[in-house]
Amino acid sequence: MRSDILKILENDSRITPDRLACMTGLAEEDISREIKQAEADKTILKYKTVINWEKLGHEQVFALIEVKVSPQRDVGFDAIAERIYRYPEVRSCYLLSGTYDLLVMVGGKTMQMVANFVAQKLAPIEGVQGAVTHFLLKRFKEDDEIIDGNDDIKREPVVL
């Protein structure tokens with residue numbers, strides 16, 4: 001799969017193969033075939049829309065949880081990470097360098113729901129040594145999109 005096509009799709013997944021053909025100079029059929037192949041081989045994992053739910057009054061609570069774990073023999077961090085990312089509350093899970101081993105993003109309707117996830121599901125997992133939870137208070141930018149910001153750049157005039 002050509003990386004130029006992937007970059008365009010990553011920025012706007014609604015773009016059509018005919019528009020991609022105009023932008024890249026490739027045949028529409030070739031682009032459609034490459035996209036289908038990329039979907040089949042999991043190069044393209046998902047098409048996503050970033051929504052500002054706060055504008056609709058749908059409140060959600062998100063937390064970033066730093067997790068310290070003991071790696072397991074022959075599988076390292078992968079087995080514990082898989083146990084964690086299989087929970088429906090988990091939005092993202094990453095292996096980190098530094099003090100903590102995993103960074104887990106969790107979502108829920110209330111802070112209590114997220115706290116219960118940490119206390120009742122995450123903390124009891126064998127190999128989890130500790131966790132630090134950071135609740136997200138405000139989103140400014142997500143997936144390269146500014147959330148409810150002023151798109152006009154304010155600049156002071158420069159006199160030389």
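Modeller: Gladly, bearing in mind that this is a predicted model. A place to begin is L95, which stands opposite L102 in strand 3.

Colleague: How many bridges join strand 2 to strand 3, and which residue of their hairpin takes a positive phi?

Modeller: Strand 2 covers residues 90–95 and strand 3 covers residues 102–108, and the two run antiparallel, joined by five bridges. Their hairpin has six residues between the strands, and the residue there with a positive phi, near 110°, is G98.

Colleague: What is the order of the strands in the open sheet, and which are the edge strands?

Modeller: Four strands form the open sheet, with antiparallel pairing, in the order 2-3-1-4. Each edge strand pairs on one side only, and this holds for strand 2 and for strand 4, residues 128–135. Neighbouring strands of this sheet are turned against each other, direction ignored, by an average of 20°.

Colleague: At about what angle to strand 1 does helix 5 run?

Modeller: Helix 5, residues 111–122, lies across strand 1, strand 2, strand 3 and strand 4. Relative to strand 1, helix 5 runs at about 20°.

Colleague: Turning to helix 3, how far apart are its end C-alpha atoms, and what span should its residues have?

Modeller: Helix 3 has 13 residues, 28–40, and at 1.5 Å a residue these should span 18 Å. The separation of its end C-alpha atoms agrees with that expectation, being 18 Å.

Colleague: Why can the buried residues of helix 3 be said to line one face of the helix?

Modeller: The buried residues of helix 3 are I31, I35 and A38. Seen down the helix axis, these buried residues of helix 3 line one face because they fall within an arc of 65°.

Colleague: What covers that buried side, and which exposed residues are on the face turned away from it?

Modeller: The cover over the buried residues of helix 3 includes helix 1 (3–11) and helix 2 (17–24). The face turned away from the buried side carries the exposed residues E29, R33, K36 and A40.

Colleague: Is R139 buried or exposed, and which side chain does its own side chain meet in a polar contact?

Modeller: R139 is found in the loop between strand 4 and strand 5, and with a relative accessible area of 18%, below the 20% limit, R139 counts as buried. Leaving out residues up to four places away in sequence, R139 touches I51, N52, W53, E54 and I147. Its side chain reaches the backbone oxygen of I51 at 3.4 Å, and the side chain that R139 meets in a polar contact, at 2.7 Å, is that of E142.

Colleague: How exposed is K48, and which side chain joins that of K48 in a polar contact?

Modeller: K48 is found in the loop between helix 3 and strand 1, and at 47% relative accessibility K48 counts as partly exposed. Its contacts, leaving aside neighbours within four places in sequence, are S13, E142 and D143. The polar contact, of 2.7 Å, joins the side chain of K48 to that of D143.

Colleague: What is the C-alpha to C-alpha distance between K48 and R14?

Modeller: K48 and R14 are 34 residues apart in sequence, whereas in space their C-alpha atoms are separated by 9.5 Å.

Methods: Residues are numbered from 1 along each chain as its sequence is written. This is a predicted model: local features need pLDDT of at least 70, side-chain atom pairs count only at pLDDT 80 or more; totals for chains, interfaces and linings use all residues. Side-chain values use heavy atoms; hydrogens and water are left out. The expected span of a helix is 1.5 Å times one less than its number of residues. Buried means under 20% relative accessible area, exposed over 50%, partly exposed in between (1.4 Å probe, protein chains only). The arc is that of the directions from the helix axis to the C-beta atoms. Contact means heavy atoms within 4.5 Å. Two strands pair if DSSP finds at least two bridges between them. Axes are lines fitted to C-alpha atoms, for helices over the stretch in contact, and angles run from 0 to 180 degrees between N-to-C directions. A polar contact is a pair of N or O atoms within 3.5 Å; within protein, one must be able to donate a hydrogen and the other to accept it, and residues adjacent in sequence count only if both atoms are side-chain atoms.
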